[in-house]
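Hi there,

Here is the structure I promised to pass on to you. Have a look at it first, and then read my notes below.

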Amino acid sequence: MFLTFNDALCEILVENEFQDGLSKGDFQLRDSFRKQADEIYTKVTLRKRETSFFTLYRRFFSKLGYTERVKGILEEFSGGDGFPEECYFARTFREDEEGAQLSEDGVRLGFQIRAETLRDPEQCAYLLRHELTHILDILDPAFDYDTSRPLSEVSPSEESLFRDRYRTLWDLSIDGRLERKGFLPQDLKDRRASEFRSLFLNLGVEAAEQVFAALWNDRRPSSGELRQMVTGAVSLCAVLNIAAEIFGEGEFQPTFGPGSSCPLCQFPTHEWAEPTEELSRAVNEEYPAWEPTQGICSQCANRYLFTAAFSTNSPGITRKIIE
Amino acid sequence: MSQVYNWQLGRKMAYPFEEKHPDHQFAFVFNINRCIGCQTCSMACKSTWTFSKGQEYMWWNNVESKPYGGYPQNWDVKALQMLEKANPGKQEWDATKNGARRPYGAYGGMTMFEAASRRIGPEGPQRVLGYLPSDEEWRFPNTGEDAAKGPKGARGTYDKQGASLPEHNSWFFYLQRICNHCTYPACLAACPRKAIYKRPEDGIVLIDQERCRGYRKCVEACPYKKPMFRANTRTSEKCIGCYPRIEGKEELSNGTPWETRCMAACVGKIRMQGLVGIDKKTGDWSNDPQNPIYFLVKKEKVALPLYPQFGTEPNGYYIPPRWVPRPYLHQMFGPGVEEAIERYTAPSRELLAVMQLFRAQQAIIARFEIKEGPKVYETKINGKPWALFNDTVIGYDAKGNELVRMTVEEGLQKRPAERANSI
């Protein structure tokens, strides 16, 4: 596999190693660099200075074992059909921007990674394994990864909610697999559980724990199954074959926790509206897929009732309800 | 370390080199009260000196909103914290000990040079107390722009009675910054390659690009964080005080020394730059009350140095913003803030005339003269009577040639009655 690292990433990591050395009273590495850098200043033209420094930093970067660190992890995943042959590592400053992306032709793999992550062997190994598992899923025809269709046919806000859920469910499925292989850092399972709860707040605490455990320990879901799961707690449990276990014989009674997000406006709310028949009709005019089990905040409820009251398409709803 | 005299601190202080002074010193006065934060100065500098590859994050001139802004982020907060950590609870001024050579009293705390000995790293004690800003801290020069300081502990809110002088409860102000071309430069003191020097003719501090090896010790040491590292040449660069213009080599200037680009471009007319003579015996400024910079800093004492406690004797001076709470200004400009604001708020006849010279033209004004005019207005300021005179101020260059003539009252152009509406 052919690896390339962003020059600024190499530079900052090498400079950090110098500082580490200096703080321990070890000047050798820094002095050896300066000696070679001096030659660039004196013997290389100004025009070629930058390139020469990049080469020098890359040499030190490799010498310090960073290339091997990454290569080792990549080799665990490469070898299969269609796995990209080139990999580029770019620098990012934010944790939420870290990740991997496959080029459209599937030949190149791009990573965005922070210098801090690459410096920490455990953190780096986890990030690479997590992202490479995503890539393997994408490359697997059985997973049936498809970005051409939106997750929601209804609205951008629902698309945004479903996208968050898709990402989280896929992430935790991957982390479950990594844990079984002994590759998951401590505390990460709790973080994933909390992310899961925040996206399915209407499940309630106990049910959320059961569903999370099922998902964590389940086989890998396909992209199609993930698409179904994101639509709501009922579909999620149905795909996981635990609907009866979670909801019993009766109808699903959602729990709307204080501070959880309203599925329509996405704002956290402490005031959930009572889903009446009139309200359902009013909301369904704009959001046909919405069901009372998904919950609705009182502000949204007022807004849809108000709109419906003045809409000619809703003869059943009278002005009375807003008086 | 040698002992050198720092008149801004009113005492001698430790410095890694012997005391030595140029013939003249590049100095400037910025009137914070007038700045509108338009960044024309920043762009004038950038389009002249730092528009090339590798200089993308390099702003030799920048204007930041205080208290939250900073380029690099939090540069001053970090420097002050380091000083406080080195000498806890003792970073204080004794403003009672003033006199001709200690105009603001005496500083009893530690400077960046003195505190350096308390922070011993693996390479031994630092020459100057400092830190190297991270890449992230250089990334956003406008962080905190126009963000006002509200009530303490209440995030995102403003005081309901925010605006009433003498101090506003909700406030911010623009701080204009270039290299201070310090009398005792920290960058120069820290450079292990001796690549930084102070020009003997005008005190402008420059980095010899041939000698620089990119160790970034100057970036680490300068408390104002004005030397900047250029990634493609692997050397540090900094404001050069537009020295070709100061030398009169600007093509259109006919050999007359011109002010720097950032000064000349200022649309708010907040800037004045010049050269002050140096008394080689004392290292202090030569007595020259007709030099506008000398007049503003030494005679009228309306302009104050930025963070004088750092100890570098910066040559940039600021007329403090009159609406800002005084403790903040005391920390930033040292003692003398009250007096400076008082004098600026009810300016003397002479000061009001000199204020007209700010950005009146491009050439450096070496001397001014005032011709008295009639009284045109009377009022009371802070309960005291105050009068406005329409005096005329005349600016001269170093050779005595008249450069500009301004009246206190703005000139009026009368158009002929038959073409009153034409342009």
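Two strands count as paired if DSSP finds at least two bridges between them. Helices (H or I, at least four residues) and strands (E, at least two) are DSSP runs, numbered from the N terminus. With that in hand, L102(A) has L109(A) in β4(A) as its bridge partner.

Before going on, a word on the source. This is a predicted model, in which local features need pLDDT of at least 70 and side-chain atom pairs count only at pLDDT 80 or more, while totals for chains, interfaces and linings use all residues. Residues are numbered from 1 along each chain as its sequence is written, and chains are lettered from A and ligands numbered from 1 in the order in which they are written.

Back to the sheet. β3(A) and strand β4 (residues 108-113) of chain A run antiparallel and are joined by four bridges. They belong to an open sheet of four strands with mixed pairing, in the order β1-β2-β4-β3 (chain A). β1 (2-5) and β3 (99-102) of chain A are at the edges with a single partner strand each, so one side of each has no neighbour in the sheet.

Next, the domains. Chain A is assigned domain 1 (2-139), domain 2 (150-253) and domain 3 (256-323); such bounds come from an automatic or database domain assignment. Residues are in contact here if their C-beta atoms, placed from the backbone, lie within 7 Å.

Which residues have the most contacts inside the largest nonpolar core? They are V29(B) and C187(B), in a core of 107 residues. A nonpolar core is a set of buried Ala, Val, Leu, Ile, Met, Phe, Trp, Tyr and Cys residues joined through C-beta atoms within 7 Å. A residue is buried if 20 or more other C-beta atoms lie within 10 Å of its own, exposed if 12 or fewer, and partly exposed in between, with C-beta atoms placed from the backbone. Among the residues that V29(B) touches are M272(B), I293(B) and Y317(B), leaving out residues up to four places away in sequence.

Lastly, the two chains touch through twelve residues of chain A and eight residues of chain B. On the chain A side, the largest share, four residues, comes from α3(A).

Enjoy exploring!
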